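My notes follow in the order in which I looked things up.

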Amino acid sequence: MDTNQHDCVTGKIIGKVAALEKCPTTIDNFCFWTNKGTLLNPFDVVVVEHVNGSKTYGVVEEISHITDSESFLAEFFSHDFGSLDAESNTDRIGMNYVAARVVGNTQNIYIPVHNGAKVALGSKEDIQTALGLNEIKNPVVCGYLEMYSGVEDAKIDLPVYVNSDFLVGPEGAHLNISGISGLATKTSYAMFLLNALQQKTLAAGDAKRKSVAYIFMNVKGRDLLSIDEPSDQLNNADHAMYASMGLEEVPFRNVKYFYPYGERGTTKSYVRLEALDRQLKSKQAKKFKFTFNEDNESLDLLFSNIEDPNQTIESIINYIISKQPPFNNVDSWEGMLREVQSMGEKGGGSNKEISVMSWRKFKRIVRKSIETEKMFNDTVDAVKGEVRLESEIKNLKANDVFVVDIAKQDENMQAFVFGSVMQAVTKLKLGEFDEDLAPEQREQIPDRIVIFVDELNKYASSEAPKSSPILRLLLDIAERGRSLGIVLFSAEQFKSAIHKRVTGNCSTHAYGRTNSIEVADKTYSFVPSTYKNMMTRLKQGHYIIQNPIFNSLLKIRFPMPLYKQDKGDN
Amino acid sequence: MGNVILALEKETGRECFDTFRRCLDRERASLVEYDDLERAFMSEQGETVRYGGPRDVSAIATIWQKREPAFRLFLDGSRRTYKIADIPIGSQVFPIIAGQVGVGVCKRENRRLSACDLILHSVLAFPEKLDTEGKNEKQHRAFLADLATKLNSAQSRVHLDALLLYPTQAKENFEDKGIARVQEYMIEQEKAMVQSLVQKSLINDRSWLIKDGSLEYNRLSDKDDRFAFSRIRSNYKRVVGVSKSFNPELAKLNSNRTAAGMIAKLKTFERTPVAKYKTDRVEGKFAVWYVRLRDPRKHRGPFDGIVKVEKILVTDHEAEYGLDSSEVDNISAWLVNERNPVCYGKDDRWANHLYPVFLTETFIKSKYRGTAHFINLF
């Protein structure tokens with residue numbers, strides 16, 4: 001031990017560093033021995049005394065128990081050659097050794113910690129410094145951390161804050177949540193985080209602060225169709241957690257629901273009638289439609305999952321959008337279908353560039369969607385609560401929450417609506433609507449628009465066709481969104497199945513419970529094996545999160561969401 | 001600041017020869033280590049009851065298994081010796097032997113073993129002729145104390161806890177003589193440790209001590225020595241010596257008949273009757289018997305799994321009539337209960353080793369300085 005080492009460690013001493021010939025301490029890692037009864041957990045922070053009176057912080061990664069037993073045979077022999085009743089007066093000498101990863105030093109000294117250095121539990125301040133949780137600017141709570149839960153009288157709870165500049169830009173943007181259905185509670189975590197963000201921006205009242213608006217895609221059942229109603233499922237622990245995190249127990253505010261227009265003025269949705277009535281009365285609910293004249297540019301989104309190697313479909317769409325004859329006189333979906341039909345007929349006005357067969361294929365695909373889906377309608381009656389999504393998105397204001405329900409639609413239609421939303425948001429942020437907007441409306445465009453979508457694998461699968469317009473839009477948002485002010489909060493079961501350029505551009509990652517096949521994928525190669533195994537055992541409401549400002553992966557938990565969760569049968 | 005050899009040369013006026021410094025202990029302990037004392041058996045009966053043959057203590061062991069074990073302290077001594085220089089005296093050249101001597105005690109509480117006490121000394125053994133003036137033990141001691149003070153003050157690399165003199169008159173190998181002297185020093189430290197444990201009341205009726213190896217301490221020439229047998233005998237009331245290796249041929253029972261056959265035929269958890277003996281070289285009277293800890297079929301030889309147990313006959317009554325047979329049964333049963341776990345794979349003598357003793361040995365060895373480091377301190 002160095003003579004210039006001081007007793008700088010003040011917490012409970014739990015062990016000492018062991019630097020061995022075969023397992024030396026390094027700049028990044030060290031091991032220490034500890035009593036086998038010390039109940040440490042992965043992710044616990046430890047403090048090590050180091051040179052010049054500095055402290056090195058480490059995060060527990062692996063805990064092993066060893067005895068002096070040379071082999072399994074020695075153990076067999078130690079039980080009277082395999083007698084199950086054999087007892088002994090002495091326990092084998094044994095201890096735990098803990099592998100920890102260095103996350104920082106109070107004086108930025110990164111030479112390896114020395115053999116025999118004392119290892120202690122940290123104080124609240126130590127933990128915050130070690131994990132990069134101290135002095136966080138623009139803090140938004142993202143969970144609750146429990147440290148030393150196994151050590152008697154040493155448990156430390158603290159809320160974890162993330163710098164919103166690293167969550168919704170401009171420093172970093174996009175959040176990806178992964179985990180298996182049901183147990184991972186991905187939607188709940190996203191909603192918890194977004195609620196905290198909305199509370200934060202609503203409370204700030206600061207002109208300098210970036211304004212944020214939200215668009216949620218409801219892809220399953222009635223998950224997000226009552227997010228403005230308070231929850232009645234919070235227990236005492238939840239109340240305590242919200243109190244310690246400084247969050248009000250209020251659901252989302254400024255919420256509007258958009259349902260696809262259904263047959264004869266109804267909605268194509270799983271929403272409960274009483275909820276819909278309430279929302280309609282309070283003018284929160286709208287039925288959205290797509291008109292040919294204004295939405296024909298989104299036609300390509302109907303072909304997201306269809307391979308188009310010769311780009312014939314793309315040519316047809318361009319043909320229609322550019323209003324080439326006979327489409328120059330078309331002003332309705334019905335008219336378009338009629339002209340497509342005629343183009344597909346033998347010699348029927350077809351040009352030489354696009355074959356009749358291609359027009360027929362186009363017709364087959366487009367007819368099914370447009371004829372069966374009532375939202376393709378050319379009349380929008382505002383009095384009846386009918387709207388075009390693009391028009392509504394044009395008027396999106398700070399702190400608005402739009403919920404677009406696509407749960408009851410088929411996969412193609414879901415992609416179409418989601419793609420349309422992304423297109424509209426991109427146009428809004430690129431200023432393409434500026435001519436349509438009054439100066440005061442332009443002023444109101446939020447600095448940041450957060451889009452939340454579950455089941456990302458449907459739109460940004462690593463196996464999606466390269467020509468997929470949805471994938472193109474998502475890649476554009478993932479790569480340019482941070483600077484444009486478009487932020488993608490996405491969730492999926494298996495992160496490994498998502499396009500690498502989408503996940504790679506996310507600044508924040510949340511890992512919920514997953515399975516062992518998933519963690520074996522190279523996507524998780526940076527995660528230590530103990531943490532991987534923990535991912536397969538995470539409880540509901542527990543997440544491992546990664547953000548550039550944190551010095552390490554953090555295991556956090558979060559309370560039940562503040563809105564009414566309607567999980568009933570559809 | 002110089003080193004020990006330079007200081008020695010200055011003090012004695014003799015120029016030492018540079019020599020290849022090395023550890024003298026064999027790198028691997030002999031697989032079989034036998035004691036070689038010729039014993040005069042006073043009686044075939046060393047216990048109060050006369051048993052004609054082996055006695056099974058498994059039932060007693062089972063009873064004791066439910067209780068707190070009586071053996072709570074485990075003592076072991078060890079030493080490492082090194083040749084560090086040669087010194088000319090007259091026409092002869094003698095080796096200077098350095099040694100690390102360790103005596104450690106571990107205690108067991110709630111089935112867990114922890115360090116209790118440790119003596120770790122660095123010593124140097126010189127030829128007796130180095131003290132040209134000294135005529136008796138007392139004068140030798142004064143000479144060594146003076147030399148030690150000078151050698152320690154002349155350098156700060158190593159603190160010498162004791163200087164020793166080895167006899168030079170015999171024609172034996174001087175290195176062996178030096179090693180033997182370091183060994184004697186170790187035994188003295190073992191006795192000192194036992195005395196200290198007794199004084200601290202750590203050894204008592206509920207806390208017995210197992211000493212690794214024999215209790216047959218060589219007779220001391222100086223009767224005033226603080227470790228004279230008559231002085232320390234009472235310390236050994238609750239101390240049992242357990243030897244892993246022994247020469248079965250030297251174990252004789254009756255009419256000079258060897259007991260090797262009976263020992264080899266011991267069944268698991270059986271003990272031999274106790275013999276009482278004394279030897280010329282060793283002070284006091286002893287009770288000795290053998291206990292089989294493990295099934296004979298699962299070892300290399302017939303004596304694997306058998307330990308030799310010694311106990312000093314402390315009281316006059318014991319010296320006259322032997323140990324109480326129930327006490328012998330209990331001690332044997334306690335030892336049987338110490339059979340697990342084993343240090344198989346760590347030590348070739350695992351079948352005869354007691355795990356707490358093995359740990360104590362490991363503890364002492366872990367405290368030694370490495371050979372390359374130690375031999376270069378001089």
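A nonpolar core is a set of buried Ala, Val, Leu, Ile, Met, Phe, Trp, Tyr and Cys residues joined through C-beta atoms within 7 Å. A residue is buried if 20 or more other C-beta atoms lie within 10 Å of its own, exposed if 12 or fewer, and partly exposed in between, with C-beta atoms placed from the backbone.

I noted the ground rules next. This is a predicted model, in which local features need pLDDT of at least 70 and side-chain atom pairs count only at pLDDT 80 or more, while totals for chains, interfaces and linings use all residues. Residues are numbered from 1 along each chain as its sequence is written, and chains are lettered from A and ligands numbered from 1 in the order in which they are written.

**Entry: the cores**

I looked up the largest nonpolar core and found 147 residues in it. Those with the most contacts inside it include A:V403, A:F418 and A:I451. Helix α11 (residues 411-430) of chain A contributes most to this core, with ten residues. Helices here are DSSP runs of H or I with at least four residues, strands are runs of E with at least two, and both are numbered from the N terminus. Another core lies apart, with 94 residues, among them B:V336, B:C343, B:F363 and B:I364.

I then followed A:V403. Contact means that the C-beta atoms of two residues, placed from the backbone, lie within 7 Å.

**Entry: chain A overall**

I counted 16 helices and 19 strands in chain A. Its C-alpha trace spans about 95 × 55 × 45 Å along the principal axes. Of its 570 residues, 44% are buried. Among contacts in chain A with a separation of 6 or more, 78% link residues 24 or more positions apart.

**Entry: the barrel in chain A**

Which order do the strands of the closed barrel follow? I read it as β1-β2-β5-β4-β3-β6, six strands of chain A with antiparallel pairing. Neighbouring strands are turned by 40° against each other on average, direction ignored. Two strands pair if DSSP finds at least two bridges between them.

I checked individual pairs. Strand β3 (residues 45-49) of chain A and strand β4 (residues 55-67) of chain A run antiparallel, joined by five bridges. There A:V45 has A:V59 as its bridge partner in β4(A). Three bridges join β3(A) to β6(A), also antiparallel, and A:V46 stands opposite A:L121. Strand β1 (residues 13-17) of chain A pairs antiparallel with β6(A) over three bridges, and A:G15 partners A:V119.

Strand β6 (residues 118-121) of chain A alternates.

Helix α2 (residues 124-131) of chain A lies across β3, β4 and β5 (94-105) of chain A, at about 95° to β3(A). Axes are lines fitted to C-alpha atoms, for helices over the stretch in contact, and angles run from 0 to 180 degrees between N-to-C directions.

**Entry: a strand in chain B**

Why do I call β12(B) largely enclosed by the rest of the structure? Because seven of its seven residues are buried. B:F286, B:V288, B:Y290 and B:R292 point one way, and B:A287, B:W289 and B:V291 the other.

β12(B) pairs antiparallel with β11(B) over three bridges, where B:K276 stands opposite B:A287. Seven bridges join β12(B) to strand β13 (residues 306-312) of chain B, again antiparallel.

The loop between β11 (275-278) and β12 (286-292) of chain B holds B:E283. B:E283 counts as partly exposed because it has 19 C-beta neighbours inside 10 Å. B:E283 and B:E216 are 67 residues apart in sequence, yet 7.5 Å apart in space, C-alpha to C-alpha.

**Entry: where the chains meet**

The contact takes 18 residues from chain A and 19 residues from chain B.

**Entry: confidence**

Chain A averages a pLDDT of 88, where pLDDT is the predictor's confidence in each residue, from 0 to 100. The mean for chain B is 86. I marked residues 1-6 of chain A, where pLDDT stays under 50. For the complex, the predictor gives an ipTM of 0.77 and a pTM of 0.77.
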